[in-house]
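Subject: Handing over the two-chain model

Dear colleague,

I am passing on the structure we talked about, and my notes on it follow directly below. Please read them with the coordinates open.

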Amino acid sequence: MWESVVRWARRKSPWVLHFNTGGCNGCDIEILDLLTPRYDVERLGILKEASPRHADILLCTGPVTRQSRDRLRRIYEQMPAPKWVMAIGSCGCSGGVFHGGYNVLGGIDQVLPVDIYVPGCPCRPEAIIAGIAQLLDMVE
Amino acid sequence: MNVDSILGALREAFPAVTLEFQPGLLDETFVVLSADCVHPAVRLLIERFDIRHLSTITGQDRGSEIELLYHFWDGRGLTLRTSLAREDSHIATVVDLIPGAAFYEREVSEMLGVTFDGHPDPRRLLLPEDWSGEPPLRQGDSAQFAEQDVPSPSIGTAIADSGHVVWAKDTGRMIIPIGPQHPLLKEPLSYLLTVEGELVTDESLRIGYVHRGIERLCQQRSYVQNIYLLERVCGICSHIHTTTYCQGVEALLGLEVPQRALHLRTLLCELERIHSHLLWLGVFSENIGFTTIFMYAWRDREITLDIMEELSGGRVSHAANVIGGVRTDVDKEQGHSILGRLEDLERQIETFRDVIRHERSFQMRTRELGHLSFEQVRSHCVVGPMARASGVDVDLRRDAPYAAYDGLDLRVVTAGGGDVWTRTQMRVQEIFESLHLCRQVLKELPGGPLTVRAPRRVPAGEVVSRAEAPRGELIYYIRSDGSERPARVKVRTPTMTALITLSEQLRGINIADVPAVIGGTDLCIACVDR
């Protein structure tokens, strides 16, 4: 009984944290766009959180740069379990157009275990919503 | 700027040295002088001719020596060129004459291993603290990420990374870290604010979290591939980056771009400016706690995104420019529909203008805050809306018309207040001007082809290309050595200049006003870090 309540709560109110690990802003503004009237993901229970300690899902954009790597790890460690990571945009998936740069490590999966990849440069807000929905199905 | 009289004065000042003058593409003049003449020459430009706007310093590796280019601007471009020995390269700093050169010199220093003697703050700017490889823009050196390096962060970084507030009991000072992940910031940068009571007394800035090394990547890719790479310098002002780059490469190729293509470029530039200003209005309003305007501004921003998507296929990255023209077109019916939607948008923006002008709480949060004087703006080489809000009448769309701006009616908005409130009003006013330009382009769109055929090979040469991005002057330096890849692409984005002024804006203000000041500066960190 208790288990099913927790599962229901988890599915109905995923709180997301956004961190730009080296992206160009393109995907970041699309993530921010999710909150605004056209997409308005709050109606689906998705809330953008400011603190890692309150977040369930980490949305990472951009390739991981050398300087943001440690910070990315720390943010992930600060999140309470269970937690999931989504790589947003082609750079987050593989390093994208910046692959091979001297300050670029590659995609998010070089540092953290990634649950969902949302490709696109930049990915559309609809794709991010679809990614979150898929993640929630996975959670269940 | 009278180039002849400047050249005459330089000749007179340095009779013993042979000076070389080279007229360049896009109305740029290059003056070659020896390294020890640079500091006196800069002093002469400032004192005799009042040329104080240093757009950027480009450094490049020319094999046997390191070359530095000081790009000045005063109605037209003037570049001082000097060469340094490859080993142990030294040059006197110009920060004492132009405080705004501080970041430019720090960047050249870490990217090419040049020491600027007398620089007040020779820390790293973009590279991580634990970078131990060769300077990344030196040729032939393998700039690689060395995994075995042990990070040895400075104390500042250690505090910032710990994310904890540090309180020194004896002095009563507190160090508050902001960033790199913080609700105030949409992009990572790190601030350490020293606070006494409620007042900010000192600050320390660290950027480079999104440094991707684009300038070096450009040297490894072809001219056409670089269009798509440079579009991703910044997701907000992507089109202006490709416009400036293509304009430079077209000048190197000697191409005449069709008028229709230039008009379409201008249309996208202006739509992008509207989108960028609305985005900023939203983010800024959210920063000061005015979420209603955030929601409304971003709702109406979608109108411009829809139009841009219709024109190019992309909401944020448009890939509209190709070398020699554009690859997107607009037909009569589409033009008509766009005009209608722009009218709707204009009505919405009139509402915003009235709200932010008359809303008392908005005024209380922004008036007399983050003040920059005319003098401060000029000495820090600030560009764009930040400069215009302090009374500096500069706009490259009018001063050095590119694309189709020459034939359009453009009113440059300036204001004298220099505080966050003035900047807010001014940027909203600029949206109306951009709407006015969009309408003109759509109504007067000339016929003809969209592209001209561009030759595969770019002849050897160099070019300085400038354009007015939503945040101000954007400058590209492109050098070709005749091969299929550019030998050097240097990008200086407008936010770099605004970032330098932040320390002056932040000192002495109340801690609660920090979000308003940072927001009002309209930073784009992805642009700065590249």
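Residues 24 or more positions apart account for 79% of the contacts in chain A with a separation of 6 or more. Please keep in mind throughout that this is a predicted model, and that every value in this message is computed from it.

Chain A has five helices and seven strands, and along the sequence these follow the pattern α-β-α-β-β-β-α-β-α-β-β-α. The radius of gyration of chain A is 15 Å, close to the 14 Å that the globule rule gives for 140 residues, so chain A is as compact as a globular protein of that length. Taken along the principal axes, the C-alpha atoms of chain A fill a box of roughly 50 × 35 × 25 Å, and 56% of the 140 residues of the chain count as buried. Within chain A, one salt bridge joins the side chains of Arg124(A) and Glu126(A), at 3.3 Å from N to O; Arg124(A) counts as partly exposed, at 33% relative accessibility, and Glu126(A) likewise counts as partly exposed, at 38%.

The interface comes next. The contact between the two chains takes 43 residues from chain A and 57 residues from chain B, and the area buried between them is about 4200 Å², of which carbon and sulfur atoms give 58%. Arg66(A), Gln67(A) and Tyr102(A) supply 22% of the area that chain A buries against chain B, which is more than any other three residues supply. Between chain A and chain B there are 15 residue pairs in polar contact, counting those with both residues at pLDDT 80 or more. On the side of chain A that touches chain B, the elements giving two or more residues are β1 (15–20), α2 (26–33), α3 (69–78) and β6 (104–106) of chain A; of these, α2(A) gives the most, with five residues. The residues on that side of chain A divide into 20 nonpolar, 15 polar and eight charged.

As for charged pairs, a search of the whole structure finds 49 salt bridges over all chains, and six salt bridges are found across the interface of chain A and chain B. In one that I would point you to, the side chains of Arg38(A) and Asp306(B) meet at 2.7 Å, N to O. This pair crosses between chains, from Arg38(A) in the loop between α2 and β2 (47–49) of chain A to Asp306(B) in helix α9 (residues 291–312) of chain B. Arg38(A) has a relative accessibility of 39% and so counts as partly exposed, and Asp306(B), at 23%, also counts as partly exposed.

Another salt bridge lies within chain B, where the side chains of Arg315(B) and Glu302(B) meet at 3.2 Å, N to O. The pair links distant parts of the chain, with Arg315(B) in the loop between α9 and β12 (321–322) of chain B and Glu302(B) in helix α9 of chain B, 13 residues apart. Arg315(B) counts as buried, at 4% relative accessibility, and Glu302(B) counts as buried as well, at 1%. The buried residues of α3(B) include the charged side chains Glu105(B), Arg106(B), Glu107(B) and Glu110(B), and among the others are Phe103(B), Tyr104(B) and Met111(B). After α3(B) comes Gly113(B), whose phi is positive, near 70 degrees.

The other place is Arg388(B), in helix α13 (residues 384–388) of chain B. Arg388(B) is buried, with a relative accessible area of 0%. Leaving aside residues up to four places away in sequence, Arg388(B) touches Val394(B), Asp395(B), Val412(B), Val413(B), Thr414(B), Ala415(B), Met426(B), Glu430(B) and Glu468(B).

With best wishes

Methods
Residues are numbered from 1 along each chain as its sequence is written. Chains are lettered from A and ligands numbered from 1 in the order in which they are written. Side-chain values use heavy atoms; hydrogens and water are left out. Contact means heavy atoms within 4.5 Å. Buried area is the accessible area (1.4 Å probe) that two parts lose on being put together, summed over both. A salt bridge is a side-chain nitrogen of Lys or Arg within 4 Å of a carboxyl oxygen of Asp or Glu. A polar contact is a pair of N or O atoms within 3.5 Å; within protein, one must be able to donate a hydrogen and the other to accept it, and residues adjacent in sequence count only if both atoms are side-chain atoms. Helices (H or I, at least four residues) and strands (E, at least two) are DSSP runs, numbered from the N terminus. The radius of gyration is taken over C-alpha atoms; the globule rule is 2.2 Å times the number of residues to the power 0.38. Buried means under 20% relative accessible area, exposed over 50%, partly exposed in between (1.4 Å probe, protein chains only).
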